[in-house]
Amino acid sequence: MVGGEMAAPTSIRERQTVALKRMLNFNVPHVKNSTGEPVWKVLIYDRFGQDIISPLLSVKELRDMGITLHLLLHSDRDPIPDVPAVYFVMPSEENIDRMCQDLRNQLYESYYLNFISAISRSKLEDIANAALAASAVTQVAKVFDQYLNFITLEDDMFVLCNQNKELVSYRAINRPDITDTEMETVMDTIVDSLFCFFVTLGAVPIIRCSRGTAAEMVAVKLDKKLRENLRDARNSLFTGDTLGAGQFSFQRPLLVLVDRNVDLATPLHHTWTYQALVHDVLDFHLNRVNLEESSGVENSPAGARPKRKNKKSYDLTPVDRFWQKHKGSPFPEVAESVQQELEYYRAQEDEVKRLKSIMGLEGEDEGAISMLSDNTAKLTSAVSSLPELLEKKRLIDLHTNVATAVLEHIKARKLDIYFEYEEKIMSKTTLDKSLLDIISDPDAGTPEDKMRLFLIYYISTQQAPSEADLEQYKKALTDAGCNLNPLQYIKQWKAFAKMASAPTSYGNTTTKPMGLLSRVMNTGSQFVMEGVKNLVLKQQNLPVTRILDNLMEMKSNPETDDYRYFDPKMLRGNDSSVPRNKNPFQEAIVFVVGGGNYIEYQNLVDYRKGKQGKHILYGCSELFNAMQFMRQLSQLGQK
Amino acid sequence: MKLYSLSVLYKSEPKVVLLKAASDVSSFSFFQRSSVQEFMTFTSQLIVERSAKGSRASVKEQEYLCHVYVRSDGLAGVVIADSEYPARVAFSLLEKVLDEFSKQVDRIDWPVGSPATIQYTALEGHLSRYQNPREADPMSKVQAELDETKIILHNTMESLLERGEKLDDLVSKSEVLGTQSKAFYKTARKQNSCCAVM
């Protein structure tokens, strides 16, 4: 994959993949389709490195690059003295110690040391000393700072890290007992990753952020770091060769730093699109979903739990065409599409069978003989499309299993009701059912579902409920088995975040007539959606999307008018919030400090569809689903 | 139960001068602390402005209770506490602090003083000791003369304001609140939120 030759702009995923491949190719640009066998090598990584590589390169692709063996740094490794080793690790104390030990133990033929984020001078000297002491200096072939300290999950989505996400979690940033030095460490960790991101992207952004928040602190530090690097003429990472050709070369991208506290309803929301649902109800992590295959569903008063059987894992990748097409689709559409794919596949399979049986009659049937030449061609194409068919079958099976698992959750917990109700709350439409009814209903939802619903209500409501009403709700929630700690925190939060307490209206969610649903049911689909409402999403902008829209299109809005403005390329630091640039931006990166989720990401993707020629990337300091977020809120709300 | 701030002010019509303040913002998140502090100062000043000399009042605002005692000589004290903290102890604390203050700081300094110039250092200590009311002020020490029926109760900040006065305007005109705090407070005009404010 050679960047400059591509007609389409290179996404962050492609850029990071290219950087990794170059690293694996002994830090020389990798040219695809080059003849000759790759040089065999060993890859040594730490858990940070593993998390970065796994969404981007499959084991097969690693093998194609010549990696015969890949091992964790802190594992027992036998010497393989005639093979070069490529290291991809964080420059931490323990890692450096282990690498020095490897040098002393003469494990490999040569060492290519790659650090995920920049290594300090003193640690570099430690390695040099160890190499000297082991007489291994000549074996240390290359030492590189890779600046790849972030994880890319989609063409247009990234997260900071996974291993130490507790350090930079929402809770870590918002807990009251944090000291100044601890906060500095958190911020520095976030800024280091963002810096790596922009180095890999090859662009220096214009930065906008809200005031008085963690996002502002990140902005100030990132601006400073970019500025220092640009001024350092010898070591600047943003010179001609690293700058991306294509999309970013003439226009600077916009970086919008948003604080999670601007919208706490979206992380708790029940959702209706495929990818977001998978993340919400299943175990979905770094593009891998882990299923426990169930043999059925047992209905119990508290909400069903599927019987546990064998475990299965699937990787949801860019080559999965069904996933790419439908990850943002409403669930009923997904169910129907899987059904259609299955029917289409069966038709193709039948065609192949038919041809095979015709071939079997060769020589016995006159009609068959005359059809032979036609059929040879047909059979040839059928046979050559077999791998394609097999792959299709694999994907159909995969998505059938995943969608079935999701559907089981939807039916057991009545998630469609929660979704619809929350949409109504968030768009301030009149509610046909009382909140109390849903909370007290033993058949609808787990205690966590009910808590999510109530928190969204509490966050979104203009008038705080009266003391008496609140007590009533609290009692109903406790009776349903809920833990009330998150509410404690949200009450505190709401007292300060008035801007966030008036969320955007979402518009109405209408229930579409039976047409779509009945077709799915009538064709004997295994997706029996009976009793599940076929809800259609009306496109409205979530708060983060709204903020982006204001800033990207240079719209005046009280919410974003006094956002700070930073341009690291300008000679003198400018603290005004008056942007120099008056033209709308063509590219933007939205980064949420404090965590984000797929609902927000999908909303941005949908927003972008309505804007020709614009590129929008979404990033967050950590990715959590509602349960994980509630756990953090609960810890914050504990007295 | 918790105390958040304790301040001593002087009411010289029409202005109110802040003489000394102590606060405990340890229960607020990192980025909220400075704004919270500013708001507590703003609120304390506003309450004293709108309370008559020789009066005691408790103003409820969401989760918080602001207890104020304005002496007839103009010296005033405000305690901001949570709704659990016993009001009786709060007023006893105010009485004690103002008494001590008036003995340590010359009357002449009151109308023109500021936290930088006033020499009174006991406030932080009082605030921290009184976090535990039982320890700081057992029932036996509460002055019997304190007649609770004379304490005016306000259910919101708004009830302190004069007709037509808006809290929004007071916030934007305030010299005590920094731009950040004001931005923090600003309601999103689009949605016309009418949330009660601290």
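Student: How many helices and strands are in chain A?
Tutor: Chain A has 22 helices and 19 strands. Keep in mind that this is a predicted model.

Student: Okay, and what share of the residues of chain A count as buried?
Tutor: Of its 639 residues, 54% count as buried.

Student: Which strands make up the open sheet, and in what order?
Tutor: There are 7 strands in this open sheet of chain A, in the order β6-β7-β19-β18-β9-β8-β17, and the pairing is mixed.

Student: Which strands stand at the edges?
Tutor: Those are β6 (151-154) and β17 (564-566) of chain A. Each has a single partner strand, so one side of each is left without a neighbour in the sheet. On average, neighbouring strands here are turned by 20° against each other, direction ignored.

Student: How do β6(A) and β7 of chain A pair?
Tutor: They pair in the antiparallel sense, over 3 bridges. For one spot to look at, find A:Glu154, which stands opposite A:Met157 in β7(A).

Student: What does helix α21 of chain A lie across?
Tutor: Helix α21 (residues 598-609) lies across β6, β7, β18 and β19 of chain A, and runs at about 170° to β19(A).

Student: New topic! Where does A:Leu484 lie?
Tutor: A:Leu484 sits in the loop between α17 (467-479) and α18 (485-496) of chain A.

Student: Is A:Leu484 buried, exposed or partly exposed?
Tutor: A:Leu484 has a relative accessible area of 23%, so it counts as partly exposed; buried would need under 20%.

Student: And what is A:Leu484 in contact with, leaving aside its neighbours within four places in sequence?
Tutor: With that condition, A:Leu484 is in contact with A:Met451, A:Lys474, A:Leu477 and A:Thr478.

Note on methods
Residues numbered from 1 in each chain as written. Chains lettered and ligands numbered in written order. Predicted model: local features only at pLDDT ≥ 70, side-chain atom pairs only at ≥ 80, totals over all residues. Heavy atoms only, no water. Helix = DSSP H or I, 4+ residues; strand = E, 2+ residues; numbered from the N terminus. Buried < 20%, exposed > 50% of the residue type's maximum accessible area, 1.4 Å probe, protein only. Contact = heavy atoms within 4.5 Å. Pairing = 2+ DSSP bridges. Axes fitted to C-alpha atoms, helices over the stretch in contact; angles between N-to-C directions.
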